[in-house]
Amino acid sequence: MWFFARDPVRDFPFELSPELPEGGPPGPWVLHRGRKKATGSPVSIFVYDVKPGVEEQTQVAKAAFKRLKTLRHPNILAYIDGLETDRCLHIVTEAVTPLGAYLKARAEAGDLRELELSWGLHQIVKALSFLVNDCSLIHNNVCMAAVFVDRAGEWKLGGLDYMYSAQGNGGGPPRKGIPELEQYDPPELADGSGRAVREKWSADMWRLGCLIWEVFNGPLPRAAALRNPGKIPKSLVPHYCELVGANPKVRPNPARFLQNCRAPGGFMNNRFVETNLFLEEIQIKEPAEKQKFFQELSKSLDSFPEDFCRHKVLPQLLTAFEFGSAGAVVLTPLFKVGKFLGAVEYQRKIIPVVVKMFSSTDRAMRIRLLQQMEQFIQYLDEPTVNTQIFPHVVHGFLDTNPAIREQTVKSMLLLAPKLNETNLNVELMKHFARLQAKDEQGPIRCNTTVCLGKIGSYLSAGTRHRVLTSAFSRATKDPFAPSRVAGVLGFAATHNLYSMNDCAHKILPVLCSLTVDPERAVRDQAFKAIRSFLSKLESVSEDPTQLAEAEKDVHAASSPGMGGAAASWAGWAVTGVSSLTSKLIRAHPTAAPAETNVPQRPVPEGHWETQEESKDAEEDSTAADRWDDEDWGSLEEAESVLAQQDNWSTGGQASWAGQTSNPGHKSQESDWSSWEAEDAWEQGWQEPSPPEPPPEGTRLASEYNWGGPEPSDKGDPFAALSVCREAGAQPRRDSWGDDNWEGLEAESRQAKAELARKKREERKREMEAKRTEKKTAKGPMKLGTRKLD
């Protein structure tokens, strides 16, 4: 019977890569790339081939094998596995690159930064401090070839071939016999003078000085070159000179060298080193310290190396979210690091965390997710959006916090292309109808109109026909001036989605009513939109064959390409108006009770609830007066509409904050229930009921002095016409030629003042009559009873 011996190399769980070897430290070791057979994870394999006649060198290699296997430290090359046979030695470590090759590649790419070098040297000195002070071992081989870099950019100390004990156990240092390594020996080893009396760390600190010189200046040609610091940073030069001093007694201990370099103004006193030191001890830090660290981390990530962010910061962020209490503070740095990941890696590492975060009830986390959705939406597939994300996001429409409602509306711009038929055309439209009709925040109503115009191309043909015209018509009657402008721009941006009959019978009548709007910005945009629609109707009238081309998108299926015109028209409302809402919320974190006489529906067009709100709207129209008067055809000039929206006065913010919902009002859930009927869509987007007349004493927008260069006594002619129209009076045909607007306004003010005076006098008389009646009804009291007449 024959027995065959098994080959240990073949059975080894790691295999060498077919690529050429990467080299290795000077000597018999050769560094190869490899991988684990079971998982394919990358590793590095140091290979030593046993040859006859070199027994001394083989003993050194076996000693290195043993040292690396027993020494464990974060800054020393990590041992994974090994193989020792009569023919070879294999040492498997974490995947690393020789420092020389790493620095050369980084320099050629232009990515080598001084921050990396400061932390790398910090790690090597810390490894030497561990060997000398904790293990009483002399490395005896510190040089560029003995340092390696892992995938996170961490420097690891290797090359343990010539290590020996500082206590003299096991004999003296082994003989190297390699000229490339002997040039790093300190000068006291070459002579027999008294200078040989030294500290146990003196020789390794000299070699550390040689390493520092090589890191900044390249390979060391000879020992005499150490006298010239070359490109070594000025903050490091004094400490470098201590290392390469001729007297070995003055060379500092590695621990003291680190302390000196970490002093204020030192080479290793920077944000990158501090971040790394915190990450090394993050498991023992207090929760408050972690919160502060993650809050400040995002500001520094731009200056940190990419590999460091991917392989060191990202795992800590994921761990802090999964097992810690970091919460929403990890989101900003998490998404910032995510930019460095590929699509597959992002899908594997970030997306599961994002999906889990959306189910959180933490408001801070929810609003940050919505604000930063643009950074990860491209990695979300449609099933995930519809089943795991959208059901949680829609709760934001019903939130009592205006900031969350606003961010939820804005997030629909990104989610709409990935929503299915039911979520987009049914569920989302119900929430939009409710927000546009009943939300007390003007900017949120405005952004709802804006968002609807931008996602209109994704809606089905039936939903577009049923929703768009009614929604934009409702917006034109909103008391918030930017909402009225958004309604006009919405009609214009979706002009290709309406039939000619709808343009003539539904849209133009609405736009024509805005030509006498009290606000100049609304009137200007109404005229531009009217000219655009009239031009379209006129072209079809002159050439009826163009009708099919003009209405080709009306009954077409939903398509993202149809929304190209809307891509730019409404950007102002998603930025400027939203910042207004944010400032409003910061100034008034809790909702103020609403006035009992404030109607749920918007007040009549052209009037405002308070003087402050009117003032803010007029300032907005002043900013909008800077628009050019080009034709509306391109639809791109709308991107600059109300670009100054963010510059609202604080007085107006206080006014709007006062209009927030009253806890005594019916709940949002009860409002939502009104949309559950089968025909709720038609009801939700119907025209509002005729407006009620304004309260007596309400001042027109034209009655205020808006801080112009000269106060003017002339009112706004369109505001006066608006009052006449709401009162039911029909202006005479020749009234447009009458320029005596000041007289009309003066008479209106006098009439109001007289009416107020009469009401006060009448009220005074009523109170006096009641007091007199009470006095006469009471007589002398006796025994607790009233005397009968």
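Trainee: What share of the contacts in the protein chain with a separation of 6 or more comes from residues 24 or more positions apart?

Mentor: Such residues account for 70% of those contacts, where contact means heavy atoms within 4.5 Å. This is a predicted model, in which local features need pLDDT of at least 70 and side-chain atom pairs count only at pLDDT 80 or more, while totals for chains, interfaces and linings use all residues. Residues are numbered from 1 along each chain as its sequence is written, and side-chain values use heavy atoms, with hydrogens and water left out.

Trainee: What makes Asn-276 count as buried?

Mentor: Buried means under 20% relative accessible area, with exposed over 50% and partly exposed in between, using a 1.4 Å probe and protein chains only; Asn-276 has 0% relative accessibility and therefore counts as buried. Asn-276 belongs to helix H9 (residues 271–280) and, leaving aside neighbours within four places in sequence, is in contact with Trp-119, Glu-154, Phe-308 and Lys-312.

Trainee: Why is the approach between the side chains of Asn-276 and Trp-119 called a polar contact?

Mentor: The term covers a pair of N or O atoms within 3.5 Å, of which, within protein, one must be able to donate a hydrogen and the other to accept it, and residues adjacent in sequence count only if both atoms are side-chain atoms; the side chains of Asn-276 and Trp-119 make such a contact at 3.4 Å.

Trainee: Which residue does the side chain of Asn-270 join through a polar contact of 3.2 Å?

Mentor: The partner is the side chain of Ser-118, and although Asn-270 and Ser-118 are 152 residues apart in sequence, their C-alpha atoms are 8.6 Å apart in space. Asn-270 lies in the loop between helix H8 (254–261) and H9, is buried at 14% relative accessibility, and also reaches the backbone nitrogen of Phe-272 with its side chain at 3.1 Å.

Trainee: Why is the pair H14 and H15 called oblique?

Mentor: The axes of helix H14 (residues 351–358) and helix H15 (residues 363–371) come within 9 Å and cross at roughly 130°. Angles under 35 degrees count as roughly parallel, over 145 as roughly antiparallel, 65 to 115 as roughly perpendicular and the rest as oblique, so H14 and H15 are oblique to each other. Their contact is made by Val-354, Met-357 and Phe-358 of H14 with Met-365, Leu-369 and Leu-370 of H15.

Trainee: What makes the span of helix H17 agree with expectation?

Mentor: The expected span is 1.5 Å times one less than the number of residues; for the 14 residues of H17 (residues 402–415) this should be 20 Å, and the end C-alpha atoms are 20 Å apart, which agrees. At the start of H17, a side-chain oxygen of Asn-401 comes to within 2.9 Å of the backbone nitrogen of Ala-403.

Trainee: Why is H17 called largely enclosed by the rest of the structure?

Mentor: Twelve of its 14 residues are buried, so H17 is largely enclosed; among the buried residues are Pro-402, Arg-405, Glu-406 and Leu-415.

Methods. Helix = DSSP H or I, 4+ residues; strand = E, 2+ residues; numbered from the N terminus. Axes fitted to C-alpha atoms, helices over the stretch in contact; angles between N-to-C directions.
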